[in-house]
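Please give a short briefing on the structure shown below.

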Amino acid sequence: MTERTDMSLSERLATWARLKSPWITIFNSGACNACDIEIIATLTPRFDVERFGILAKGSPRHADILIVTGPVTRKQAPRLRRIYEQMPEPKYVIAMGACGSQGGVFQGLYHVLNSVEDVVPVDVYVAGCPPRPDEIINGVVETLRLMGEDVARGGKEWRKKQPAPPGEPAGEGRKAEVGP
Amino acid sequence: MTEPLTLERAKEVLEVFGPVAQLRSNRIQVVTAREKARDALKAALGPLSCERLIQMSVTDAGEAFELTYHLTGQHRTVISIRVNLPRADPSVPSVHDILLAAGIYERQIHDLFGIVFPGHPNLKRIILNEDWPEKEYPMRKDWKPEKGTFYGGIKEEVK
């Protein structure tokens, strides 16, 4: 991360504090609870995430990072969107487990949307079913790296996929057609 | 300790409604017509003292739905009352008034299979999401999601 010189002292202070102590909130959008149990294991003294300043908060209004576990059920989708909208900027989303990335074992069922990315923009995916606590910590640390990069580059725009230039065939889409 | 329920005793009471068979050591099944389903249930509730509903199950067997009431009581023998409902007209009178616990199962079955229970006081959506389209029953074997139909969830794209 490169230091930006055009930031005021208070902005630099806020950025420093944010990177030193990310507050996370957890949302279960229809998971089987294994991911949630792993998150609880992450918070225990054995893994001790507070040494990184990671603090689990009950309210999305206090959080910087939203961890979403599970495929998004059709009932939960509007709730997930509303919770995401309640978070203050800058906000980051971690999709956890196989379900969060593309549905996992629930993929293609009538009551799920298959991916967190269909509802809220996802920054980091954590693989696994369920991911181990150290992988969750790794995901959060990776999010912190992204946060620092975003501050240095002035926003999230640099990570957005560019549309294919005219004349060239578009790249393979993320969403392969799956379903029953 | 109550007396165990024997097949002979079950046959005495339930034979008038349809063929009675012992499926397993503690499970007796009677297959009946839907007009007699209520009376068969009353007989199981009263004389056979099966006053507890374990569950109501539905199997999609192609041309018919096999609706089964599983009942039991102090004697711990399970009585299964099976009704075959034609796919063209899947309806059976509600038993909510004589067996209170059946009401919530009937709502659920109505939601997922589209079986109608005339006489139910509140036969409306219980388990699917609120914006699920009407006349779509996802647990039927021949159900497929239509392309272009909105099945609920969220309409606005990700910003």
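The model is predicted. Chain A has 5 helices and 5 strands, and from the N terminus on these elements follow the order α-β-α-β-β-α-β-α-β-α. Of the 180 residues in chain A, 36% are buried. Where contacts in chain A join residues at least 6 apart in sequence, 79% of them link residues at least 24 apart.

**Nonpolar cores**

- The largest nonpolar core contains 41 residues, and those with the most contacts inside it are Leu66(A), Ile67(A), Val68(A), Leu80(A) and Ile94(A).
- Several elements of chain A each supply at least two residues of this core, among them strand E1 (23–28), helix H2 (34–43), strand E3 (65–69), helix H3 (77–86) and helix H5 (133–153).
- Strand E4 (92–96), helix H4 (97–102) and strand E5 (124–126) of chain A also each supply at least two residues of this core.
- Leaving aside residues up to four places away in sequence, Leu66(A) touches Thr25(A), Phe27(A), Pro60(A), Tyr84(A), Met87(A), Lys91(A) and Val93(A).

**Contact between the chains**

- Chain B contributes 9 residues to the contact and chain A contributes 14 residues.
- On the side of chain B that touches chain A, 5 residues are nonpolar, 3 are polar and 1 is charged.

**Helix H1 against helix H5 in chain A**

- Helix H1 (residues 9–20) of chain A packs with H5(A) at an angle of about 165°, and their axes are 10 Å apart.
- Angles over 145 degrees count as roughly antiparallel, and H1(A) and H5(A) are therefore roughly antiparallel to each other.
- The crossing of these two helices, H1(A) and H5(A), is left-handed.
- From H1(A), the contact uses Thr15(A), Arg18(A) and Leu19(A), while H5(A) brings Leu144(A), Met147(A), Gly148(A) and Val151(A).
- The contact of H1(A) with H5(A) consists of 4 nonpolar, 2 polar and 1 charged residues.

**Helix H2 against helix H5 in chain A**

- H2(A) and H5(A) have axes 9 Å apart and pack at an angle of about 80°.
- That angle makes H2(A) roughly perpendicular to H5(A).
- In this packing, Glu38(A), Ile39(A), Ala41(A) and Thr42(A) of H2(A) meet Pro133(A), Ile136(A) and Ile137(A) of H5(A).
- By class, the contact of H2(A) with H5(A) has 5 nonpolar, 1 polar and 1 charged residues.

**Cis peptide bonds**

- Glu89(A) and Pro90(A) are joined by a cis peptide bond with omega of about -5°, and Pro90(A) sits in the loop between H3 and E4 of chain A.
- Another cis peptide bond runs from Cys129(A) to Pro130(A), with omega near -10°, and Pro130(A) belongs to the loop between E5 and H5 of chain A.

**Loop residues**

- Asp48(A) is not a glycine but has a positive phi of about 55°.
- This residue, Asp48(A), lies in the loop between H2 and E2 of chain A, and counts as exposed because it has 12 C-beta neighbours inside 10 Å.
- Ser49(B), also a residue other than glycine, has a positive phi near 45°.
- The loop between helix H2 (37–45) and strand E3 (52–60) of chain B holds Ser49(B), which is partly exposed with 15 other C-beta atoms within 10 Å.
- Gly58(A) is placed in the loop between strand E2 (55–56) and E3 of chain A, and with 9 C-beta neighbours inside 10 Å it counts as exposed.
- Gly58(A) and Ala127(A) are 69 residues apart along the chain, and their C-alpha atoms are separated by 24 Å.

Note on methods
Residues are numbered from 1 along each chain as its sequence is written. Chains are lettered from A and ligands numbered from 1 in the order in which they are written. This is a predicted model: local features need pLDDT of at least 70, side-chain atom pairs count only at pLDDT 80 or more; totals for chains, interfaces and linings use all residues. A nonpolar core is a set of buried Ala, Val, Leu, Ile, Met, Phe, Trp, Tyr and Cys residues joined through C-beta atoms within 7 Å. A residue is buried if 20 or more other C-beta atoms lie within 10 Å of its own, exposed if 12 or fewer, and partly exposed in between; C-beta atoms are placed from the backbone. Helices (H or I, at least four residues) and strands (E, at least two) are DSSP runs, numbered from the N terminus. Two residues are in contact if their C-beta atoms, placed from the backbone, lie within 7 Å. Ala, Val, Leu, Ile, Met, Phe, Trp, Tyr, Cys and Pro count as nonpolar, Asp, Glu, Lys and Arg as charged, and the others, Gly among them, as polar. Axes are lines fitted to C-alpha atoms, for helices over the stretch in contact, and angles run from 0 to 180 degrees between N-to-C directions. Angles under 35 degrees count as roughly parallel, over 145 as roughly antiparallel, 65 to 115 as roughly perpendicular and the rest as oblique. A crossing is left-handed if the near helix is turned anticlockwise from the far one by less than a right angle, and right-handed if clockwise.
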